[in-house]
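Good morning, colleagues. May I ask you to turn to the structure on the screen, which I shall discuss briefly.

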Amino acid sequence: AEIIYQLETIPENGRLDLNGNELAAEDYFTQADIDNGLLGYTNSIESTQITDNLISDVAVGISGDNVLGNVGLNDGAEVFLYDETTGDTVLLTNNDVNDVAVGISGSNVVWNGFDGNDSEVFFYDGIAETTVQLTDNNTEESAVAIDGNNVIWNRFSETNDEAIFYNGTTAEPVRLQIDSGAAAGYQLDVVVAIEGDLVIWNGFNGSDAEVFLYDDSTQTTVQLTDNTIDDLTVDISGDLVIGNSFDGNDNEIFVYDLATATTTISTDNDTEDEAIAIAGNRIVWHGFDGNDTEVFVRDLLTGVTTQITDNDTDDLAVDLSETHLVGNRFAGGSRSQVFVYNFATGTITQLTNTSNATAVGIFGTNVVWNESSSVFADSEVVLADLNNISASDRFSFNVADGFGGVTEELFFNIAIEI
């Protein structure tokens with residue numbers, strides 16, 4: 001006979017799901033459900049829904065207690081800045097053109113806005129509460145990132161793709177370039193990331209893509225890679241630069257140490273690996289394990305690589321802080337849920353259990369994501385502090401043996417590590 005469980009009380013701080021459907025008091029599940037992995041628990045976390053309206057809103061970044069995003073996704077999208085400390089939301093744009101939020105650093109913000117002719121770059125100083133249009137010309141400009149009051153963007157024209165660094169102190173833009181072009185009179189330089197006065201970008205050296213670094217404090221440029229394969233950088237942290245390098249078969253992960261001017265290959269296999277981010281001495285990427293995509297982390301101090309996820313669904317890394325990693329888990333089709341991994345405890349916790357949720361970023365223990373309550377609902381922005389997750393939970397049930405025997409009320413206690 002089949003063993004049958006009946007819930008008497010539901011979890012105090014979380015929820016139980018059977019095959020994705022939330023269980024209520026007096027609902028049933030079986031031992032076969034447990035054995036087949038159909039019974040799941042999601043702990044609750046105190047979160048703040050930043051937006052609540054009838055149009056889709058999306059966060060694009062987080063810095064400290066501030067969240068940057070867009071109200072609306074199509075023509076007429078506006079840029080908003082949310083301050084968790086005050087609970088205030090400020091609309092930075094309010095016009096009839098499309099404004100696309102790009103990056104945030106503290107309370108400083110950069111975005112791209114259409115001026116009636118082409119895309120230009122705008123900067124908001126959160127201290128002075130003033131907006132400055134950084135570009136004003138007849139070419140397409142596309143901001144990429146911001147650090148402090150320094151901004152990087154790409155300039156596109158019919159003859160050149162140019163990487164631009166803007167020093168917010170001197171208010172001077174600098175074009176980053178290499179000596180040789182892809183063809184006569186043609187340059188292909190794409191800026192990627194910034195940290196302080198350091199900028200990394202990908203440039204075409206005449207035969208393949210290489211990685212370059214510009215130091216504005218010395219106004220010098222260094223070529224970090226020089227080979228016959230494509231190298232594409234993705235992030236910089238301190239003296240470390242990470243990227244993807246094509247080995248002739250697939251992409252592998254490389255780390256360049258600016259202090260020692262040495263390159264280390266972190267992966268060496270026959271599957272695709274994609275570098276995502278670096279924080280401190282940890283790098284994160286997702287790679288194909290022969291079945292689906294899983295998440296990996298490497299500690300550059302110890303040289304140890306850890307496979308964070310191992311299941312039958314696609315898991316994608318999104319961002320990491322010094323203490324946690326945040327990512328998306330795709331359980332079916334394009335719908336995903338947000339999870340975090342705690343480096344100290346080695347545990348994974350799923351933060352969402354809704355129709356669809358997509359992680360955007362993490363800063364310290366603050367996580368921001370976009371979610372929809374149903375397939376047809378609009379997207380809203382949610383912010384949560386991982387310190388506000390309940391450390392324990394419990395629920396009660398009875399057990400029937402299929403022959404008429406039923407136990408008294410039993411309690412299941414849950415300890416949560418995050």
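I shall speak about salt bridges, then aromatic rings, and finally surface charge.

This is a predicted model, in which local features need pLDDT of at least 70 and side-chain atom pairs count only at pLDDT 80 or more, while totals for chains, interfaces and linings use all residues. Residues are numbered from 1 along each chain as its sequence is written, and side-chain values use heavy atoms, with hydrogens and water left out.

I begin with the salt bridges. A salt bridge here is a side-chain nitrogen of Lys or Arg within 4 Å of a carboxyl oxygen of Asp or Glu. The structure contains four of them. In one, Asp 315 meets Arg 329 at 2.6 Å, N to O. Asp 315 belongs to strand β31 (residues 314-320) and Arg 329 to strand β32 (residues 324-332), so this pair ties together parts 14 residues apart in sequence. Strands are DSSP runs of E, at least two residues long, numbered from the N terminus. Asp 315 is buried, because its relative accessible area is 0%, whereas Arg 329, at 21%, counts as partly exposed. For these terms, buried means under 20% relative accessible area, exposed over 50%, and partly exposed in between, with a 1.4 Å probe and protein chains only.

Which residues do shared partners join into one network? They are Glu 141, Arg 155, Glu 162 and Arg 175. Glu 162 is buried at 11%, while Arg 175 is partly exposed at 29%.

I turn now to the aromatic rings. Rings of Phe, Tyr and Trp (its six-membered ring) pair if their centres lie within 6.5 Å; planes under 30 degrees apart count as stacked, over 60 as edge-to-face and the rest as tilted. By this rule there are nine aromatic pairs. Tyr 5 and Phe 29 are stacked, with 5.1 Å between centres and 10° between planes. This pair links strand β1 (residues 4-9) with strand β4 (residues 28-30), its two members being 24 residues apart. Both Tyr 5 and Phe 29 are buried. Phe 395 and Phe 397 form a tilted pair, at 6.1 Å and 45°. Ring pairs link these four residues, Tyr 5, Phe 29, Phe 395 and Phe 397, into a cluster.

Finally, the surface. Asp 270 lies in the loop between β26 (262-265) and β27 (273-279), and counts as exposed because its relative accessibility is 68%.

Methods:
Helix = DSSP H or I, 4+ residues; strand = E, 2+ residues; numbered from the N terminus.
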